[in-house]
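Please look through the sequence and the three-dimensional structure that follow. The paragraphs after them lead through selected places, one after another.

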2 protein chains.
Amino acid sequence: MKRYCFAICLLLCSSILFGEDGYRLWLRYDKIDDPTLLKEYRTAISSISFQGSSPTLDVAKKELMNGLEGLLDKKIPEQKILVDGCVVVGTLSSPFFQEYYKNDDVSIGREGFTIHTAKYRGKNITLITGADGDAGVLYGVFQFLRLLQTHQSIAKISIISVPKIQNRILDHWDNLNRTVERGYAGASIWNWHLLPGYIDKRYVDYARANASIGINGTVLTNVSANALVLTRQYLEKVAELANVFRPYGIKVYLTARFTAPIEIGGLKTADPLDPAVQNWWKQKVDEIYTYVPDFGGFLVKANSEGQPGPQTYGRTHADGANMLADALAPHKGIVMWRAFVYDVRPQKVNENFDSHKVDSTAPNIAASDRAKQAYDEFKPLDGKFRKNVLVQVKNGPIDFQPREPFSPLFGGMEHTPLVMEFQITQEYLGQATNLVFEAPLFKECLDADTYAKGKGSTVARMIDGSVEKYPTTAIAGVSNIGNERNWTGHPFGQANWYAFGRIAWDHDLSAEQIADEWLRQTFSNDPHFVASTKKIMLMSRETLVSYMTPLGLHHIMGTGHHYGPAPWVSNAGRADWNPVYYHRADSLGIGFDRTSNGSNAISQYSPEVREQWDNLNTCNEKYILWFHHVPWKFKMHSGRTLWDELCYKYYSGVDSVRWIQKTWNDLKNYVDAERFDQVKMLLAVQEKEAVWWRNACLLYFQTFSKMPIPSKYEKPDHDLEYYEALKFPYAPGNGGL
Amino acid sequence: MKRYCFAICLLLCSSILFGEDGYRLWLRYDKIDDPTLLKEYRTAISSISFQGSSPTLDVAKKELMNGLEGLLDKKIPEQKILVDGCVVVGTLSSPFFQEYYKNDDVSIGREGFTIHTAKYRGKNITLITGADGDAGVLYGVFQFLRLLQTHQSIAKISIISVPKIQNRILDHWDNLNRTVERGYAGASIWNWHLLPGYIDKRYVDYARANASIGINGTVLTNVSANALVLTRQYLEKVAELANVFRPYGIKVYLTARFTAPIEIGGLKTADPLDPAVQNWWKQKVDEIYTYVPDFGGFLVKANSEGQPGPQTYGRTHADGANMLADALAPHKGIVMWRAFVYDVRPQKVNENFDSHKVDSTAPNIAASDRAKQAYDEFKPLDGKFRKNVLVQVKNGPIDFQPREPFSPLFGGMEHTPLVMEFQITQEYLGQATNLVFEAPLFKECLDADTYAKGKGSTVARMIDGSVEKYPTTAIAGVSNIGNERNWTGHPFGQANWYAFGRIAWDHDLSAEQIADEWLRQTFSNDPHFVASTKKIMLMSRETLVSYMTPLGLHHIMGTGHHYGPAPWVSNAGRADWNPVYYHRADSLGIGFDRTSNGSNAISQYSPEVREQWDNLNTCNEKYILWFHHVPWKFKMHSGRTLWDELCYKYYSGVDSVRWIQKTWNDLKNYVDAERFDQVKMLLAVQEKEAVWWRNACLLYFQTFSKMPIPSKYEKPDHDLEYYEALKFPYAPGNGGL
């Protein structure tokens, strides 16, 4: 009989291993594999008791029961009376918790939760509670399961957790035809054609995954917007998704096409000051709320990259945003108005600009520094927006590059709540193939000090409202989710979705903590595995910066698809679409002079920040080519010349990838075969791509520096012409998949 | 302890149910749930013994071991010496089988297999064998597992199985950007961007699934071809796929863009008689074989729907096909040249043609009957093709309609091997949402008698070469596979992939047999479940015909995306893209007169076939409007007028869908929750769509018949204008997903 049991256990294990396709994300509830711990948990958790019922409590109960059944390998019964080991779950307003807390002040706000162990009426119990109405209780349940998944002690728990930012949102750049702009994980998970009749199980699992990390909003559609999503045909579909997400505390938002009144409304104009237009939006918004009573609001990309906007009618961004805000205000909806606007001042490629022919930065281009435009455009509008308008700002002033300094708008908009926009999908971070953990990038930006209100005015504290007391706060991440079996394509892409949610909830969490808990939930609690893989994750972003855009270089990738290196491109349709516009390599040096001698973009920052970067000799070298045009023979802190430092960075980036490869390949026995092989294959591709970036960039920049790649390094295996000739017409994320 | 085991078993079951996402297709190896049978199987199968080793034997062994371990819920060991219950597997040339069969003649050809039980050297054993080199042994292993999966007795097995058709091929209409033309299951499973470095596990499971049903070829790319797949960059990717598929007996084919010599070869012409062009193709083919030594050959769509072809240069289809065939011949490759050509004679919409205004079929259109074109074009070329050219013909003369008579080319090409082209993907069969089992459609065509060489010259016997002794035989199915978790989107779409493979192997299998074994493998062996669901499957295609295109109607779907009804469309770019061209409804009647009084398409068939259909009064009513323009008050066999019969058909189709819905919903306890819900939701959508088809078509045709829908029927819930106004710009399969 024992043998029989053993055989079944084996089979169970093998079936679990067989099914490790990544679909479950970090919500894996396999049996605790540490027998001592399992015994401890089983003793501590004998039953559960849910106080009351609501759609959110019901999904919380289902999650807790499924989770415990899997982790503890036994069914945990519901219990009406209080017994030792009972996990009592409910909202603060339930009779049990009213009685329990009596007059205690439990400060958990609308969405926070507490978990703690206590001796109550003679019984050792665990309590999980949150406020009424919102998803706090559910968040608490997920946190409790996480404690078990990550093998924490649950003997004495005392957790109070309250999100620092109110609206924690995923932005999907998903089109109605199911392609995903900058998506690298297959088609959109929104199967618009089959909605509303067919509810894909993915929608529920998407909601579970988001709720487990505290994400409470989703913008379903691409910022490059399609008015059709606002028609009845699509609102019926949107309503079904909202119904699925509601119990999980997730609100639905849509992108508003500014010219929708013309395209689907039959009006002749979309002028935001035209009463007919205003009225059309009011009615449209009222209609949306009949489908989705808790609709979150609009995200708008206006007058940017070909999208129409108020400036089309000679109006300001504030005029446009306020019109929508007025329509949404009666329903408590918000407008997130993107500051990513760079087509407001028509530019022409300067046909005389050939970086091989000039020896200094062309001032006419410097004057039009794209890095300055969002600030120039929005700073004058500060204070002119309605209360329910937030301006959504990308973390850096250009466009989600591997490294950028923080956008000067953070700290620059005293009267306007700002939404931080991070890009989870790896448009510029190796796309489908590179292992890059983004938490260090998010943290680098959030922890940066704007000095807006003196030292300690970090970007995080601007966003969470603690500096400027914004009435509404929000953070957004551009989703990396698609319909591939494992959601994100690269198994480690899941970590970035996870990290975004966790940081949105609590920006004080460290990248190391997040990597640790994600690895334990997603792969294994084995200490050797966790330590090795965490090291990989934590070094991965800096590694990528080294082999792609070291020392402050930026925007030197392929045109259109943004795949691979193309620092040589100088013929794109606008000056600021060209890599040569950004690196400005010439016979004297390389880098974009944004000091007061150059574009003076640096003037947009506080004096304390300026001081960090303005002086070539003291500027942090990770930003040196962002702010300075640096001579090839400039002496770096390492003692190397700039050119040699550039070589060193590119080569060390490739070396690090190889180290990561080796480290992962040694972990074969710690990971299920399917995911081990996936990551192994992808790391091999990443190594090839890193070499490609290194060789292509150095060979190209060498045509300016005229200096040799130090002989100790391996020689590029192709010449520059080879790299320049590579074409990828079907690279994904740019129309294809 | 017993209780403990029971708990584990329960958990195991729940974990299996939890994971029933359809990814495993019919290759589910869960524990046999009949204890008596399980005991019987365990006794009969004690060990396995593989004779020799090869890539194919190795995957066969892995499959057999995994399959038996799952089904028998215990590891079946390998055994070197012969014991009772041993399953001995190997090729005929292995010493064991040489010795076993001695001088027996085992007629299984290159790909057949035998499975039989025997007493040999005093031991009761099971033997599985096939010829050397090809996948016969693997096919035998899958068949053996199927016996267990479908709960057959294995006490006395004596199976000899040889495929009737040599090349059994899936055609993927997959584009290099990962969209799939007429695909309704997400993106292409070929992730070209990540190849060759990243081998998706799907590729292996695709190969396993195909091998399990005997499919031995795959055309990776869309017939609307892209020359880039023939470049080195893509051939490296193709080679990796071929490497994955080779052990499974699957050859890779590509589609050849006729103008590739210009587009990627730098030539000025693609004229097939130009020596430079011929030479380019020879070199290109030689190059392909360096990447894929067993490359299968080309599939070509030329001079059709905008694709270039030999006629562009004033040459014939034979000239074009022969040029490619000459390049492929030294490597034993074949050309499959599609007969689906209908743009060879430029047509214009007759602007005066308004079916509401004319009272008889316009002869100028009748004369250009698209149904005649493939035959007219190819019949004169019979005998002019090289030996390694096959002409690929769609089952019917128009385009994969819910019902068509067989194409007259079957039986019409004495000297040219024909490939049967079926469409598995449901372009015209309800696309993503309708449950339609296609085996009855396939069988209806294959079993039709062409009378080419007297009675019994069925289409099947034309294709398999038994009538005309074709040296090469082939059958192709246009794939319905995408990257959705369950491969085909609709869970029952899997049955069509399965049915195509099984029929391609043995066209004598009945639709009923195929449904039976698919259901048992894919869902359950429960007799009530199998009986009920089989009934659903077997009636499903006739049901769809009734609510879409009864009585021989055809091609009345939406323009472009082909989604939903649009019999009113008369403004498409070519006459024969318009539904009104096909149904020809007018005040007198409805239907396309293809008799000698009309387009005379019927003359393309044998006299015996003609006789079946030529006379309005005796024509099989399922084809009546295909061949005749029938007066509204014509008396049908039922005694009803044509109009009333049309109403009856449309209404009974909807009724049948409702019956199917009810039947399925009653099976809740027999199916895992995930797939039960999927099918339930999809059937609800199908019911809505059936009602939409019925109402839209009858309301439209009523504008001609001026007769009432009998009052006993439920009234249409919208008017015709409502249906005509519906728009679906992002319906999948037509650029979107």
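**A buried aspartate, an enclosed helix and an interface**

The side chains of A:Asp399 and A:Lys394 are joined by a polar contact of 2.6 Å, a polar contact being a pair of N or O atoms within 3.5 Å, where within protein one must be able to donate a hydrogen and the other to accept it, and residues adjacent in sequence count only if both atoms are side-chain atoms. This is a predicted model, in which local features need pLDDT of at least 70 and side-chain atom pairs count only at pLDDT 80 or more, while totals for chains, interfaces and linings use all residues. Residues are numbered from 1 along each chain as its sequence is written, chains are lettered from A and ligands numbered from 1 in the order in which they are written, and side-chain values use heavy atoms, with hydrogens and water left out.

A:Asp399 lies in the loop between strand 11 (389-394) and strand 12 (418-423) of chain A, where helices (H or I, at least four residues) and strands (E, at least two) are DSSP runs numbered from the N terminus. With a relative accessible area of 7%, A:Asp399 is buried, a term that stands for under 20% relative accessible area, computed with a 1.4 Å probe on protein chains only. Leaving aside neighbours within four places in sequence, A:Asp399 is in contact (heavy atoms within 4.5 Å) with A:Phe340, A:Arg370, A:Lys394, A:Glu404 and A:Tyr428.

In chain B, helix 13 (residues 439-446) has seven of its eight residues buried, so it is largely enclosed by the rest of the structure. The buried residues of helix 13 of chain B, among them B:Phe442 and B:Lys443, pack against strand 12 (418-423), helix 14 (459-463), helix 15 (493-505), helix 16 (511-522) and helix 17 (527-548) of chain B.

Between the two chains, 52 residues of chain A are in contact with 52 residues of chain B. The area buried between chain A and chain B, that is, the accessible area (1.4 Å probe) that two parts lose on being put together, summed over both, is about 4900 Å², of which carbon and sulfur atoms give 63%. In chain A, A:His193, A:Arg485 and A:Tyr730 lose the most area to chain B, together 15% of what that side buries.

Across this interface the rule finds four salt bridges, each a side-chain nitrogen of Lys or Arg within 4 Å of a carboxyl oxygen of Asp or Glu. A:Arg178 forms a salt bridge with B:Glu484, with the closest N and O atoms 3.0 Å apart. Eleven residue pairs are in polar contact between chain A and chain B, both residues at pLDDT 80 or more. Helix 1 of chain A gives the most to the side of chain A that touches chain B, with nine residues.

Technical notes
Buried < 20%, exposed > 50% of the residue type's maximum accessible area, 1.4 Å probe, protein only.
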